[in-house]
Amino acid sequence: MTVTLQTTNSAARDVSADAIVIAVGQDAGGQSTGGLVLPPGAQDVDAALGGGLASTLSALGATGKPEEITRIASAGKLAAPVIAAVGIGTATTAEPGSNDAEILRRSAGAAVRSLASPKIRSIALALPADDAASAEATALGAMLGSYYFGRYRSNGHPAAELTLLASGAHVGPAVGRAQVLAAAVTLVRDLVNTSPSHLYPETFAAQAGEIAASSGLGIDVLDDTALAAGGYGGIRGVGQGSVHPPRLVRLSYQHAEASRTVVFIGKGITFDSGGLSLKPPKAMETMKSDMSGAAAVLAALQAVAALKPGVNVIGYLPLAENMPGSSAQRPSDVITMYGGTTVEVLNTDAEGRLVLADALARSGEDAPDLLVDIATLTGAQVVALGTRVSGVMANDDTVRDGIVAAATRAGEAMWPMPLPEELRKGLDSKVADLANVAAERDGGMLVAGLFLREFVPDGVRWAHLDIAGPAFHEGEPYGYTPKGGTGAAVRTLVQIAQDVADGRL
Ligand code: BES
Ligand code: ZN
Ligand code: ZN
């Protein structure tokens with residue numbers, strides 16, 4: 001499902017829509033003693049109403065705090081019948097990567113999300129958009145907040161129509177970038193929300209094929225026979241218990257003048273039952289989201305093909321369904337990964353690292369300048385960092401900090417995590433080169449990172465993003481984040497490609 005946003009030069013008074021959104025700020029001290037701040041778009045509405053807007057909002061309890069929504073009727077003074085004032089705190093203009101940018105995205109998102117309904121089908125936004133950064137933030141937040149997944153609803157409806165009131169030379173490029181990022185995040189959310197009876201390796205690869213064709217990306221898909229011939233023991237071992245055979249998708253974006261290459265690898269477990277190390281029922285309910293990393297990589301390639309940064313980008317999607325069928329791998333099975341490393345599979349629920357290992361080893365043939373994998377890898381990530389902050393590990397501290405900085409610029413929460421050497425010996429196996437889990441549960445996110453590190457080609461700068469918590473949102477919606485698939489990390493991947501192109505990473 002696509003989301004789009006138009007722009008208009010119309011005045012707030014004249015724009016025809018079911019509702020118009022304005023911003024209401026707090027004075028810089030953060031104190032709101034009824035003295036609400038009206039930014040330019042809100043001032044236009046105030047003038048059309050004949051004044052008194054701030055005191056009306058204040059009387060209704062508005063304080064201007066971020067994401068707070070106060071609705072009033074325009075009573076015929078505006079073309080739009082409903083006015084919704086959304087708090088933006090003390091946010092003013094939105095430098096990329098600043099907290100203000102995130103406040104604008106979230107407030108625009110919260111406003112659209114709270115308004116969109118069967119009655120309100122078109123929404124005009126008279127929100128801060130006077131410079132490129134705030135126009136992009138407002139447009140992106142509004143589009144992400146309008147997300148609606150109706151595929152399985154008999155009474156589903158299309159997403160609301162959005163119109164941003166903005167003019168100036170900066171608007172086109174800023175809104176264009178927001179459109180590309182919104183389409184990427186929407187693609188991830190749709191893929192994650194799709195039921196695993198409809199999204200399995202074969203159908204996921206087919207969808208990647210359609211996106212590659214329409215975006216002009218190169219694509220190569222290995223089916224089970226090709227995976228066997230190529231020696232991809234990790235992907236095949238995980239997929240062998242399912243009636244849906246695995247796939248390895250390789251996408252490529254080539255830039256004519258680029259000399260550097262970044263490789264992204266996304267965990268693509270279309271459903272993680274745990275395999276024979278079966279998960280309890282509650283833990284399984286959200287495991288259709290275990291392909292969020294692969295979806296983020298596919299969507300990032302789609303966005304890169306549109307934004308055209310000066311860098312070559314390759315994306316791997318190792319896709320498998322982790323099921324306990326009669327041909328499933330057994331705890332204690334030994335498998336041979338791409339490149340020859342043997343792994344004793346002691347826990348079939350630690351499957352993500354197995355499919356990633358094959359792709360990491362394979363990526364050496366692309367001679368990456370930077371290698372980044374992204375995965376809903378461990379429950380330990382959620383224990384350590386919660387559901388909104390992803391963990392970043394790397395074989396190089398500068399790379400790790402560079403990735404965290406890229407995430408901050410993109411407006412996503414990621415935090416540096418170590419790879420402590422003393423945990424590595426926990427992965428020694430009694431019979432093979434490595435075991436896929438350690439006997440001790442402690443530091444589970446880091447142990448998984450250390451396992452992956454074993455498969456990073458020599459001399460390659462590598463980072464690992466564990467997005468287990470942030471990829472899927474089970475709580476109440478907030479800001480521009482709905483329930484279900486969130487699209488976590490895709491904006492960071494796009495930023496990483498841009499940062500490599502710009503020589504920042
Ligand atoms: N897909 C899960 C990790 C996960 C948990 C993602 C919760 C999102 C939310 C992964 O395959 C898994 O099961 N990991 C195990 C590893 C353990 C067996 C070492 C885990 O975290 O329990
Ligand atoms: Zn698992
Ligand atoms: Zn998993």
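**Entry 1: model and secondary structure.** I record at the outset that the model is predicted. I then looked up the secondary structure and found 15 helices and 20 strands in the chain. I turned next to the radius of gyration, which is 24 Å, while the globule rule gives 23 Å for 505 residues; the two values are close, so the chain is as compact as a globular protein of that length.

**Entry 2: extent.** I looked up the spans of the C-alpha trace along its principal axes and noted about 80 × 45 × 45 Å.

**Entry 3: burial and contacts.** I asked what share of the 505 residues is buried. The value is 59%. For contacts, I considered pairs of residues at least 6 apart in sequence, and found that 75% of these contacts join residues at least 24 apart.

**Entry 4: surface and charge.** I noted an accessible surface of about 19,100 Å² for the chain, with carbon and sulfur atoms contributing 50% of that area. I then looked up the charged side chains: 37 are positive and 51 are negative. The centres of these two sets are 5 Å apart.

**Entry 5: domains.** I looked up the division of the chain and recorded domain 1 as 5-185 and domain 2 as 199-502.

Methods
Residues numbered from 1 in each chain as written. Chains lettered and ligands numbered in written order. Predicted model: local features only at pLDDT ≥ 70, side-chain atom pairs only at ≥ 80, totals over all residues. Heavy atoms only, no water. Helix = DSSP H or I, 4+ residues; strand = E, 2+ residues; numbered from the N terminus. Rg over C-alpha atoms; globule rule 2.2 N^0.38 Å. Buried < 20%, exposed > 50% of the residue type's maximum accessible area, 1.4 Å probe, protein only. Contact = heavy atoms within 4.5 Å. Areas by Shrake-Rupley, 256 points an atom, 1.4 Å probe, with all protein chains shown as cover. Lys, Arg positive; Asp, Glu negative; His and termini not counted. Charge placed at Lys NZ, Arg CZ, Asp CG, Glu CD. Domains from an automatic or database assignment.
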